[in-house]
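Welcome! Please take a look at the sequence and the 3D structure below, and then we will walk through them together.

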Amino acid sequence: MTDYYKTLGISKDASADEIKKAYRKAAMKHHPDRNPGDSNAEAKFKEISEAYEVLSDDQKRKIYDQYGAEGLKGAAGMGGGPGGGFQGFGSMDEALRTFMNAFGGGGGGGGFGGESIFESFFGGGGAEAGGRQGASKKVGITISFEEAAKGVEKEIAVQNFTPCGECHGSGARSDKAIQTCPTCQGQGQIYQSRGFFSMSTTCHQCHGAGQIITDPCPSCHGQGRVKKKRRVKLAIPAGVDSGMRLKMTGYGDAGEGGAPAGDLYVYIDVEPHKTFERDGDDVYLDLPLTITEAALGCKKDIPTPLGGSARVTISEGTQNGKVLRVRNNKGFPNVHGQGHGDLLVRVHVETPVNLSGKQKEILRSFEALETPKNHPRKKSFLDKLKVFFSG
């Protein structure tokens with residue numbers, strides 16, 4: 001029993017776009033021109049084209065869903081046979097016609113910019129597609145934490161292909177030394193007709209340029225470019241982070257024969273800071289406190305990533321690990337210009353070491369005066385232990 005949905009590998013509630021997408025994928029796989037002499041591929045191509053012909057038509061699909069493939073054969077007003085119903089595909093021509101319709105007829109339809117089906121899917125392409133544009137390059141640069149916070153201008157040395165100063169990128173000794181390619185007549189491609197399709201290949205004589213050079217430039221040997229080291233200035237914005245990249249349009253290798261240059265991608269690496277730790281636009285600072293400072297409270301002046309200082313207030317009884325947020329744009333600037341992050345202060349209460357005898361004596365006296373309310377977390381923990389063991 002024919003199951004068109006199964007043939008295309010889709011569900012019965014598939015949308016029109018899903019149907020077309022599934023058909024295009026299957027049709028490209030089993031197309032006869034991709035499988036010459038393969039009778040199984042031809043049969044599969046006709047089968048999936050028949051399924052698409054039905055499911056892509058709302059009226060046919062409705063009848064098929066209700067009565068199946070047999071119901072389509074007797075349905076009137078659909079064409080395809082003496083009885084007026086859909087009789088299926090008896091020839092490859094019908095399947096190929098459906099294929100052309102699904103891909104926009106191989107012309108300007110289907111969203112492929114006027115390319116033929118072979119150019120879009122089977123490999124083709126013109127001179128620009130042949131990759132004559134200069135190659136893009138990438139370099140890395142390391143900057144300090146402070147430079148990332150404030151922004152900085154850097155200069156780097158890049159060695160790449162630049163347009164030849166002698167021939168100005170043409171690759172020829174003179175304008176008279178440039179002629180239209182006789183093989184492709186300046187198109188850069190050679191076109192061949194094959195059934196319904198127009199297939200193009202890059203011209204073997206001019207390699208897609210559409211022109212040939214009869215007398216090459218002696219400086220660049222016909223390449224139109226020479227390798228040279230040059231200095232490039234970078235304006236690195238405030239707020240950049242490691243892993244970000246800057247795109248310098250046109251600073252890559254110059255293309256051959258005057259073709260456009262590629263781009264230069266600069267990858268940023270920010271050195272870690274000894275005091276600050278960055279998290280996006282927020283910045284963390286670890287602040288050590290003595291037991292006395294944490295217990296009695298105090299005020300502290302702390303440094304900020306952008307320079308200067310800020311004052312934070314430590315409340316009485318501040319616990320180890322507490323995070324204090326310092327607002328007023330004290331964090332990192334956002335690289336897209338959307339404000340600043342915050343400066344976050346992590347409190348670290350330090351247990352005193354190397355105590356003198358007098359200090360120990362004072363602490364023991366203090367311990368004798370302590371009550372459970374001085375240590376609420378300890379009291380809560382002990383209460384839980386009592387419940388646990390009593391249970």
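What is the handedness of the crossing of α2 and α5? The crossing of these two helices, α2 and α5, is left-handed; here a crossing is called left-handed if the near helix is turned anticlockwise from the far one by less than a right angle, and right-handed if clockwise.

Before going further, here is some background. This is a predicted model, in which local features need pLDDT of at least 70 and side-chain atom pairs count only at pLDDT 80 or more, while totals for chains, interfaces and linings use all residues. Residues are numbered from 1 along each chain as its sequence is written, and side-chain values use heavy atoms, with hydrogens and water left out.

Let us begin with the whole chain. Its secondary structure comes to ten helices and 15 strands, where helices (H or I, at least four residues) and strands (E, at least two) are DSSP runs numbered from the N terminus. The protein chain has 391 residues, and buried ones make up 34% of them. Buried means under 20% relative accessible area, exposed means over 50%, and partly exposed lies in between (1.4 Å probe, protein chains only). The accessible surface of the chain comes to about 23600 Å², with 48% of it belonging to carbon and sulfur atoms; such areas come from the Shrake-Rupley method with a 1.4 Å probe, and for residues only the protein chains shown count as cover. Among contacts between residues at least 6 apart in sequence, 61% join residues at least 24 apart, contact meaning heavy atoms within 4.5 Å.

Now back to the helices. α2 covers residues 16-30 and α3 covers residues 39-55; the two pack at an angle of about 165°, with their axes 9 Å apart. Axes are lines fitted to C-alpha atoms, for helices over the stretch in contact, and angles run from 0 to 180 degrees between N-to-C directions. The angle therefore makes α2 roughly antiparallel to α3. Angles under 35 degrees count as roughly parallel, over 145 as roughly antiparallel, 65 to 115 as roughly perpendicular and the rest as oblique. The crossing of α2 and α3 is left-handed, and residues making the contact include I19, Y23 and H30 of α2 along with F45, I48 and Y52 of α3.

Helix α5 (residues 92-102) packs against α2 at an angle of about 125°, with the axes 11 Å apart, so α2 is oblique to α5. On the α2 side the contact is made by K20, Y23, R24, A27 and M28, and on the α5 side by A95, T98, F99 and A102.

How do α3 and α5 pack? Their angle is about 55°, and their axes are 9 Å apart, so α3 and α5 are oblique to each other. α3 passes α5 in a left-handed crossing. Among the residues in this contact are F45, S49 and Y52 of α3 and L96, F99 and A102 of α5.

Next, look inside the protein. A nonpolar core is a set of buried Ala, Val, Leu, Ile, Met, Phe, Trp, Tyr and Cys residues joined through side-chain atoms within 4.5 Å. The largest one has 34 residues, and those with the most contacts inside it are I156, L234, I236, V266, I268 and I302. Leaving aside neighbours within four places in sequence, L234 is in contact with I141, V152, E153, K154, I156, M248 and V266. Apart from this core lies another, of 27 residues, among them I19, A69, L96 and M100.

Finally, visit some loops. D342 lies in the loop between β14 (323-326) and β15 (343-350). Is D342 buried or exposed? D342 is buried, with a relative accessible area of 15%. Beyond its neighbours within four places in sequence, D342 is in contact with D281, D282, V283, R325, V326, R327 and G331. The C-alpha atoms of P352 and I291 are separated by 7.7 Å, with the two residues 61 apart along the chain.

Two histidines end our tour. H168 has a positive phi of about 60° although it is not a glycine; H168 sits in the loop between β2 (152-163) and β3 (178-180) and counts as exposed at 69% relative accessibility. H221 also has a positive phi of about 60° without being a glycine. The loop between β6 (211-213) and β7 (225-236) is the place of H221, and H221 is exposed, with a relative accessible area of 63%.
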